[in-house]
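Colleague: I am new to this structure and would like a guided look. Could you show it to me and take my questions one at a time?

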Amino acid sequence: MSIILKAENISKQYRLGSVGTGTISHDLNRWWAGIRGKEDPYLKVGSVNDRSIKADSNYVWALQDINFEVQRGEVLGIIGKNGAGKSTLLKILSRVTTPTTGEIKTKGRIASLLEVGTGFHPEMTGRENVYLNGAILGMTKKEITSKLDEIIAFSGCERYIDTPVKRYSSGMTVRLAFAVAAHLEPDILVIDEVLAVGDAEFQKKAIGKMQDISKGEGRTVLFVSHNMAAVKSLCTRAIVLEHGAIVFEGKVDDAVDFYISEANAIGHKEVYFNKSHRRGITDHRLSMIKIIAKNEKTTIRGALKFDIYFEVYQNIQKAVCLTGSICALDDTAIGSFFTQNMILKEGKHIVELELPNHNLSVGVYYLNLSISKGSVENSNLERMDHAYQAIAFEILQMEDDGDYISNWNGSWGNLFFQSHINLTTIEYNV
Amino acid sequence: MTPQDQWLYTISSKHKLIDLNFKEIWRYRDLLILFVKRDIVTVYKQTILGPLWYIIQPLFTSVIFTLIFNNLGQISTDGVPPFLFNLAGITAWNYFRECLTGTSSTFTTNQSIFGKVYFPRVIMPMSITISNLLKFGIQMGIFIGFYSYYAFQGQTLGFNNHIFLLPVYIVMMALLGLGLGMIISSMTTKYRDLTVLVSFGVQLLMYVSAVPYPVSEAKAKFPSAVAVFVEYNPLTQIIEGFRYMLLNTGTFSWSGFGYTFVISIVLFLVGLIIFNKTEKSFIDTV
């Protein structure tokens, strides 16, 4: 095995806030330091990339001292939470931007798929766009011509290939774009979650094609995704990024386990809410403080119990209720609940929440939690405070129960339905 | 050979002053052709007149210029039919203008592509210059048509014997437009003020570049400071030279030609250096 790509001390600094006022003065300072042969004065400042903590400087390190090597023919997964630095790393790998310090050395051509259909022009026909998109991705006209039939067949858009792309449905555009991308033949392929497109049938086809590329053709692939199942099935090795640094590197199964347990704070009994939990909250009359899981690990037949602490700053006339949704790790909602109404007076409160008969199958889930005003019946609920991924919890297999539920298979889904049957013997006499 | 020598390329923040990788640009030549094709083809998709629009714009502008500057304003064109005089100026000016405005927005209009995939960025302004060259060719065809018409009508028209310099003038126009455009496009990634400046600045520039009047008129009627600016403006040199070649009107000097040539090359190189510096990480500031 030989090393095909090597990243050495990659760091990337970004400036926070808007580019505008003050940019000229910083640019001039940099330029002046450069003239005197000194180091960039703004490289010394900058804080660790954690979006939940208020920064004390205007510069932030999106990546810091990233080192890794990729072997020829290896499929490396890159996983991490939103804002961990995955996309920045991909941008540097695909030469869209340069690292602030450090360097990446490569022995092969890198083609990147950060998006499908880059450069598609709506006025041009499917066929013309295949050529244009292929050329943008680094193919020559000859290569595209030799694969054109294959690409068109894979996309399933034969009938519309000479129609302008603006007449396509969005699904067709994506199919055609993915078909072009799938027929790239670079030494190293960098892919960012392009699998999350198209309908179920096409996704299956796409994942199959990805597997062919990585396993069958022995191509080197760097794959970034939130979809742990896809990462597990495609990759051999993975690195976990957190706050711009590599926190784990190793076999893909270990990495995924590490990511799920560490990065998602499973097993945390108590979570204090901070800025990273809140998305677009307008009401300042109350705020949730923390959540305590009374049983952060439970079984299919157990109940989920939480204590939620919150503070009300002024009396609220309208009735409010607690609403929430339970999501899988990839953010797909499994289901929601709406509690009965409460009238809130100024002061600090604890509300005990219980979800009996949750029916969730084995796995790890998030609870997204809101306090809302309005009524569910008129469907005019309005969030007053919201905690995204407030807490994670795990549903375990039952050890003392010998029935089939204790060996839950992932393909059975996320819900376990109670069932009853009634068997009667009848006679057919039509 | 040590293992370090085998690396194909390195991604880092360091780079040379002029980092033009011709081998790489050659590898992407099909992309260049496809971009040119896209620029040409998509402009007249779903229009009735199609490529005729390339012809209509300079014709109508010339008619208006003739009405205002020559009929109303009594500007002399040294015996050349005013319409032909204006058409020559406008055809040349259009090429420069299109190159400048096209390339000056390279980074901002293509940020969605540039932000997702790598290819030599310089392909983009190159494709704009080439596709505009094709439009320029069409407009030159129209000019030649009218030229023949006037000649047939008995007008005494003649090419100048310096006509062999015409291609050089075209190259200079392209280099000036491209150079200025690349400088502006690089600066607009951080400071958007320039986009506003370009849109009306080009319009004003046309009036001080002797497009609707000959230099002799400017010298005779403008205040001396303005006249000097008009005369030594490299764009004036190009426009005036262009008309001199085709219509045998105005003045030509080798020194004027020389410094315009040097300025074009210098501006182009400066533009290329700034463009090279910007392309590496403009996506962070755009």
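Modeller: Happy to! Let us begin with a pairing: in β5(A), the bridge partner of A:Leu5 is A:Thr106. Helices (H or I, at least four residues) and strands (E, at least two) are DSSP runs, numbered from the N terminus. This is a predicted model, where local features need pLDDT of at least 70 and side-chain atom pairs count only at pLDDT 80 or more, while totals for chains, interfaces and linings use all residues. Residues are numbered from 1 along each chain as its sequence is written, chains are lettered from A and ligands numbered from 1 in the order in which they are written, and side-chain values use heavy atoms, with hydrogens and water left out.

Colleague: How many bridges join β1 of chain A to β5 of chain A?

Modeller: Two strands pair if DSSP finds at least two bridges between them. Strand β1 (residues 3-15) and strand β5 (residues 101-106), both of chain A, run antiparallel, and the number of bridges joining them is five.

Colleague: Which residue is the bridge partner of A:Ile104 in β1(B)?

Modeller: β5(A) also pairs with strand β1 (residues 9-12) of chain B, in the antiparallel sense and over four bridges. Within β1(B), A:Ile104 has as its bridge partner B:Ile11.

Colleague: How much area do chain A and chain B bury between them?

Modeller: Contact means heavy atoms within 4.5 Å, and 49 residues of chain A are in contact with 37 residues of chain B. Buried area is the accessible area (1.4 Å probe) that two parts lose on being put together, summed over both. Of the area here, 59% is on carbon and sulfur atoms, and the total is about 4000 Å².

Colleague: Which side chains meet in a salt bridge at 3.5 Å, N to O, between A and B?

Modeller: A salt bridge is a side-chain nitrogen of Lys or Arg within 4 Å of a carboxyl oxygen of Asp or Glu. The count between chain A and chain B is one. The two side chains that meet are those of A:Arg95 and B:Glu24.

Colleague: Is B:Glu24 buried or exposed?

Modeller: Buried means under 20% relative accessible area, exposed over 50%, and partly exposed in between (1.4 Å probe, protein chains only). B:Glu24 has a relative accessible area of 10%, so the word for B:Glu24 is buried.

Colleague: What is the N to O distance between A:Asp162 and A:Arg127?

Modeller: The side chains of A:Asp162 and A:Arg127 meet in a salt bridge, and the distance is 3.1 Å. A:Asp162 lies in the loop between α4 and α5 (170-182) of chain A and A:Arg127 in helix α3 of chain A, so the pair ties together parts whose separation in sequence is 35 residues. A:Arg127 is partly exposed, with a relative accessible area of 29%. The distance you asked for is 3.1 Å.

Colleague: How far apart are the end C-alpha atoms of helix α4 of chain B?

Modeller: The expected span of a helix is 1.5 Å times one less than its number of residues. Helix α4 (residues 82-104) of chain B has 23 residues, so it should span 33 Å, which agrees with the distance between its end C-alpha atoms, 32 Å.

Colleague: Which backbone oxygen, besides that of A:Leu184, lies 3.4 Å from a polar atom of the side chain of A:Arg219?

Modeller: A:Arg219 lies in the loop between α6 (200-216) and β8 (220-224) of chain A, and counts as buried at 10% relative accessibility. The backbone oxygen you are looking for is that of A:Pro186.

Definitions and conventions: Polar contact = N/O pair within 3.5 Å; in protein donor to acceptor, adjacent residues only side chain to side chain.
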